[in-house]
Amino acid sequence: EKTGKVLGEFSRCYREQYGVALFNSVRYEIEGNGGPQAQLLHRKVPLEDHVIYSGNLFQYIEENKKWRNRFCVVPHNYGLVLYENKLAYERELPPRVLINSAGYKVLTSVEQYLELVNSSLPGITPKSGNTPILKCPTDFPLILWHPYARHYYFCLMTGKEQEKWGAVFQDCVRHCNNGISEDSKVEAPAFTDAVRMYRQSKEQYGTWDMLCGNQTQVLSNLVMEELLPELRSAIGPRLKGKAQERQRAWIQISDAIYRMVYEQTKAHYDAMVAECELERPQMESSIRTDMDQIITSKEHLASKIRAFVLPKAEICVRNHVQPYISSILEALMTPTSQGFAEVREVFFKEVTDMNMNIVNEGGLEKLVEYMEKLSHLAFHPVKMQSCYEKMEQLKLEGLQQRFDVSSTSVFKQRAQIHMRQQMDDALYTFETLLHQELGKVQGKDELCKSIQRILERVLKKYDYDSSTVRKKFFREALLQITIPFLLKKLAPTCKAELAKFQELIFEDFASFILVENTYEEVVLQSVMKDIMQAVKEAAVQRKHNLYRDSMVMHNSDPNLHLLGEGSPIDWGEEHGGQPEAEPASDKRRRAKQVVSVIQDDEGALPYEMGAEMLMSPSSPEPPEPTVLPGSPDGVAEIREALAKEGIEEPTEERLTNDDKVHHATPASPAPRAEVLPGDDKVHHATPASPAPRAEVPLPPAGTCHQRSDKETGEEVALPAECSLPQPTGTTESIEGMQTEF
């Protein structure tokens, strides 16, 4: 009933915003709005046929209170997919768990988790000395926490593994949170504006942490935001048992309710969008026919609202916003510019290392090998982590409370997504120019000179584009912080008076012009001049390597964008001399991966080896000894369990990048090194080479998790849709439920 009520109110907001968004889209299409032209090319399908990451980790199964080894795969859509083991993945058996990580937080300590759990059900705090709700058998946990959905518990054997998995988990959350496709020029703005208008009607201004995931997930969060406090006060006092048991019960109840809300919300939203789509052709026809009259009518309305609102808004801006704009901007600029500078540095270093390797090892064959890895550097969570970490320094401190900013995470993640996009654009431009140049160069020396020349060209383009992207990000962030604050300040004196302006709108145009939207545009105009001036002054200072607005880089490569329209470059197919086609099972096992810890045969991970040794050849399920004791007291029990099977404790692994390390003695009995495509070391023709070494130790990388099967009582996925810009695929779970990514 509560869900139906919230969705009914939201539907009214959405239908109103749909007409406005459609009008804005058609107007933009007709009038255009030429901003600075991007110098870098944009890759259309960045990760087609690639897997981000895969490897083993332990998962805690709540149903039977056991820790189980799982093989985790992160496909190109950033869903977390857990299999029984690596063999199950290679045989294409159904996964145990599918997780859409939108809205989750990645925690690296049990203490962090217990603090959040204790605050989720007020009045229930376990006494000191009591057994906590979760005990991790190692010192390296990774926990996925959600305010409404079920939680997922993992642990690793070493700190390096925890760092790798943590980086990948964070990348998955970052990507899935950005689930509303920006390619949609009508549905996406209509939806986000409708969410904002709905929350403002409930006196909720400012940023919202749970505006993450696809539309159905965001709407479910909107319902739960209102529903959960009522349920907590109704159900909380009735829970029985010890504090830990009541907490566990509440998590399960919240998850069950969230799933029910999700299903109801999905059906309602799909029906609502379908209705709007049916009306769209007629609405669009009216807009195109009456465009001039609609614009005139809107401008007349805006002038009347401006005369009423602007004097009050300008006083509010002068007294409460203007003094703080420079402080907010400086707080945003420092970590953001450091992050983009790090992107540039990582790109430069990777290309330079590749060039040095070609000098030492030589030829087109090595170039192909390196370019296949380098082309996906932007999606390498570990290599990009140093860039993302710069943004974690963002703090608004006192400004956050003054402007009702609940969290800075929305700004951090948006900047990090821009960083990844700029890195990929730079890489795609580099490989497109290099691919064009290959037919003209002859010999290793000429090839290396061409690479250096192209690198310098791309860096100039990157500097210009990154400046444009950052300035746009700063302006948007400042508006996102200040506009809700202004609307809240002006609401007592302005909101009630807006109804009288409705009579100024012709009935035929009422679907495309809304008084409230026009009022917000007027408020925006009142502060926009100050924001633009602040960003302009920051660019003039050149403190953060920003170009001035007057600096326009004309397209020095007129044919470059035509090159970008061509089909994707397949370095291996074009220049690598591919072997005969592999069987499908081998292709799956050796799928191209951006980051990989899958090792061939003799290079199995310690706990993967344990599972294989203990598994009966005839049994599809591993026997009982592979199940680690539920919530053991320490890492000793896991080590003891592994030791019983003759498995050594994992030692620190030195990961390379799909390139084997060159040794003086060719015949080494050691197992093959783990592979991290893209983490190329500089190799030398002989150990005694006088050339300077550029080897750098690698940071780590990470993966995933999800739901339950009738046999084991394990989790199976939340109906988790990941409506992402990438092509979608559908996996059917063991229970027959379809879970889309």
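Reader: Which residues line the largest cavity?
Author: This is a predicted model, where local features need pLDDT of at least 70 and side-chain atom pairs count only at pLDDT 80 or more, while totals for chains, interfaces and linings use all residues. Residues are numbered from 1 along each chain as its sequence is written, and side-chain values use heavy atoms, with hydrogens and water left out. On a 1 Å grid over the protein atoms alone, a cavity is a set of points where a 1.4 Å probe fits but cannot get out, and lining residues have an atom within 4 Å of a point. For the largest cavity those are Tyr60, Glu62, Lys65, Tyr113, Ile133, Tyr153 and Arg248.

Reader: And what volume does the largest cavity have?
Author: A volume here is the space filled by probe spheres set on the grid points, which are joined across faces, edges and corners. The structure holds seven cavities of 30 Å³ or more. The largest has about 70 Å³.

Reader: Are H13 and H14 oblique or roughly parallel?
Author: Helices are DSSP runs (H or I, at least four residues), numbered from the N terminus. With axes fitted to C-alpha atoms over the stretch in contact, and angles running from 0 to 180 degrees between N-to-C directions, H13 (residues 444-494) and H14 (residues 515-541) cross at roughly 140°, their axes coming within 9 Å. Under 35 degrees counts as roughly parallel, over 145 as roughly antiparallel, 65 to 115 as roughly perpendicular and the rest as oblique. H13 and H14 are therefore oblique.

Reader: At what angle do H6 and H7 pack?
Author: H6 covers residues 215-235 and H7 residues 243-289. Their axes are 9 Å apart, and the angle is about 140°.

Methods. Helix = DSSP H or I, 4+ residues; strand = E, 2+ residues; numbered from the N terminus. 1 Å grid on protein atoms, 1.4 Å probe; cavity = no way out; pocket = protein on both sides within 12 Å on 5 of 7 lines; lining within 4 Å.
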